[in-house]
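Dear colleague,

I am passing on the structure below, together with notes on what was found in it. Please keep the structure open beside the text as you read.

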Amino acid sequence: MNSNIDLSEVDRILQAHGHSPQAIISVLQEVQEHYHYIPREVFPYISKGLGISEAKAYSVATFYENFSLEPKGKYVIRVCDGTACHVRKSIPILERLRSELKLSEEKKTTDDLNFTVETVSCLGACGLAPVLTVNDKVYPAMTPDKVSELVKKLKEELKND
Amino acid sequence: MINSRKELQDLRRGLKAGLDKQTLKVLVCAGTGCIAGGSIDIYNRLSELMKEKELPYTVALEEDPHDDSIGLKKCGCHGFCEMGPLLRIDPQGWLYTKVKIEDCEEIIERTIIGGEIIERLAYHKNGEIYPKQDDIPFYKKQTRVVLEHCGHIDADSIRDYIAIGGYSAFERALFDMSGDEVVKIVKDSGLRGRGGAGFPAGIKWETVRKLQSDKKYILCNGDEGDPGAFMDRSIMEGDPHCVLEGMLIAGVATGASEGYIYVRAEYPMAVSRLKNAIKQAEDLGLIGENILGTNFSFKLHINRGAGAFVCGEETALIASIEGERGFPRVRPPLTVVKGLFGKPTVPNNVETYANIPKIINKGSDWFKSLGSPNNSGTKAFALTGNIENTGLIEVPMGTPLKEVIYSVGGGCRGGAEFKAVQIGGPSGGCLTKEHLELPLDYDSLKKVGAIIGSGGLVVMDEHTCMVEVARFFMNFTQNESCGKCVPCREGTKRMLEILERIVSGKGKEGDIEILDELADMISATALCGLGKTAPNPVKSTIQHFRDEYEAHIKGICPTGTCKKLKKIYINKDLCKGCSKCSRVCPVNAISGKIKEPFVIDQTKCIKCGACVGTCPFHAIEEV
């Protein structure tokens, strides 16, 4: 286990929520926003801070789809596969993205931790279907070819960093 | 901070005068859709240009200003997302579509300074130009009540909202009416819950009002989970204060002093607009202790969802706010009796609350005059899928489906033939050509086995495979099944397995009957609404498109959508035997002699289609 995790941020979050056990979801959300995932090391700490069992904290974290116990890539690409996007052919977009980044349904994050590709059930931007988001920025009316362009652009951004 | 009714009225009068002095208003759409198209850059560019040219423009609304000015505003969603980024010019009511940053200079010169319309940017259809938003066919047939202000006011400003009469309904409820009177007006209006089931809102309010309790809660369900629906998102983003006002009125009516808004995590913009709105209302003293000098106090919280569809179910939503896994629970006790933290709770949806201020101001008779008997008011729908005009619409309850699809929606994309529309998302059913005359309201839809749901309308044309659509929805609900009760957890899994088999060409005789049987069992025995309605898309597609299921079982997908049912073969007459195809085939399924027709071994072919594109003679065909 990685014990180098800085827990002072978790402290701040717990305090902001008054150590209230009912705030567990908000606490986990903020922890995830900070680390981009929920490191397993924080669970004993959170459960103590909120006065709940570790099992309870785990049960909540694993129930909700947004929480990830695995590190995610620098760019999190979420392909919308809601009904509107689905009938406007979102799957070919997802397939192109996965083949470009050598990912699959099981393997969601690249080994270099640069990209994560997930699906999401609806982003509510149905008027622009099919859509995807890169770290919450919405890209409208996508096609497989536009996706290839986008990946190229993001890879270049990484190089320039 | 305002401390009395009079101060609020003075502020409103001053702000209204301010609004009147904005003799020209430039409204840049800042909904999720238009922002994705670059509307924020357009807003910034316009602001820059106005500064450069020293035009008298204002961003924040002032009280009793001396001089005329141009109001530059970021507004909420117009609902015509496909034509975005959108820009509206008032008082002319012009709407510019697909605006680009390069157009800004011309807009400033010709429209803002010159006062003329740029026809190139107006909406065009069939050679006709529609400069005014209200004349565009998409808007003409709509009746906007809930969405009245969406796209017409600054979505981030409580001052704009107050200037157009905002918080006056709350003021009336607080000072001029008793709680009983407020409940009565809501009850008389016949307003039914816009979240799906259509339970009368007034009855919920009345129950909570009558209960004795030290604490009561007002709950707003903004967990709009149905894929293909975004009405609530647009309201929360475009007119957040009307939701707040509706909740405050519910607080006055029921004696509740605390409220929660639960918004799904996929709507970050809605969360930030609501947070901003709450902050503004608190700063003004419209939310807080002893509001406007009365003894009414109200506190409002926002909770973000974490990606669980089931949390749209009210008991699961409550569990989630309480910090639990989002499991639904058995009812009774009803939420109104024992809801959030075990206290009486009013659970309503965003659109329901958004209707309240209007009902209080205009009366229950006015509300009943819209819509059809027992289904009063309007309903917002998200019109998406294979339709010409995608977007957010609002029509009176009881509008025939035909009118929505053709008059407002403009028919199917590219002139394709209309096949079906999925209404009510994964809990709903499909309506077909035979339902085109059907009025869209709670009761009529129930009769044909569909529900209004939260209001998603996904249009499908002749090229859509209905079995695949059913599989898609079943896959969705299966994924989202929380796992608490067996019928939903196991039953949807078995149904999905069968559907997956059918779309991959391995369907068997008797599959349809088993699907039917499972569907009835799950509907009858599942614990919550999600489970009970999960089989609906399958049931209704079997009912209306049984022949498509049968064809799949025989190995044919009539629309050619299901990849695994495709057959790829080489047309002997066209093949010149160049061997190009056999070289790209990843599984060595193609063989033959050079200069003689090649053949595909169907047992090996994985239908990847790689060969189709490489053939220089177009000899490889898919069926």
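To begin with one residue, B:Lys595 is exposed, since 10 other C-beta atoms lie within 10 Å (a residue is called exposed if 12 or fewer other C-beta atoms, placed from the backbone, lie within 10 Å of its own, buried if 20 or more do, and partly exposed in between). B:Lys595 sits in the loop between β22 (590-591) and β23 (599-600) of chain B, where strands (E, at least two residues) and helices (H or I, at least four) are DSSP runs numbered from the N terminus. Between the C-alpha atoms of B:Lys595 and B:Tyr406, which are 189 residues apart along the chain, the separation is 53 Å.

Please bear in mind that this is a predicted model, in which local features need pLDDT of at least 70 and side-chain atom pairs count only at pLDDT 80 or more, while totals for chains, interfaces and linings use all residues. Residues are numbered from 1 along each chain as its sequence is written, and chains are lettered from A and ligands numbered from 1 in the order in which they are written. For chain A the mean pLDDT (the predictor's confidence in each residue, from 0 to 100) is 91, with 98% of its residues reaching 70 or more. Within chain A, confidence is highest in helix α4 (residues 54-63), at a mean of 96, and lowest in helix α5 (residues 83-87), at 82.

As to the domains, whose bounds come from an automatic or database domain assignment, chain A is divided into domain 1 (8-63) and domain 2 (75-160), and their C-alpha centres lie 29 Å apart. Chain B is divided into domain 1 (14-133), domain 2 (166-369), domain 3 (371-461), domain 4 (466-553) and domain 5 (566-622). The centres of domain 3 and domain 4 of chain B, taken over C-alpha atoms, are separated by 23 Å. Eleven residues of domain 3 of chain B are in contact with 13 residues of domain 4 of chain B, contact being counted if the C-beta atoms of two residues, placed from the backbone, lie within 7 Å. On the side of domain 3 of chain B that touches domain 4 of chain B, β18(B) gives the most, with three residues.

The contact between the two chains takes 32 residues from chain A and 37 residues from chain B. On the side of chain B that touches chain A, α2 (32-36), β14 (378-385), β20 (456-461) and α18 (466-480) of chain B each supply at least two residues.

Leaving aside residues up to four places away in sequence, B:Val421 touches B:Leu401, B:Ile405, B:Cys430, B:Leu431, B:Leu457, B:Val458, B:Val459 and B:Met460.

Finally, chain B has an open sheet of five strands in the order β2-β3-β1-β4-β5, with mixed pairing. At its edges stand β2 (57-58) and β5 (94-96) of chain B, each with a single partner strand, so one side of each is left without a neighbour in the sheet. Strands β1 (residues 22-29) and β4 (residues 87-90) of chain B pair in the antiparallel sense over four bridges, where pairing calls for at least two bridges found by DSSP, and B:Val28 has B:Leu87 as its bridge partner in β4(B).

With best wishes
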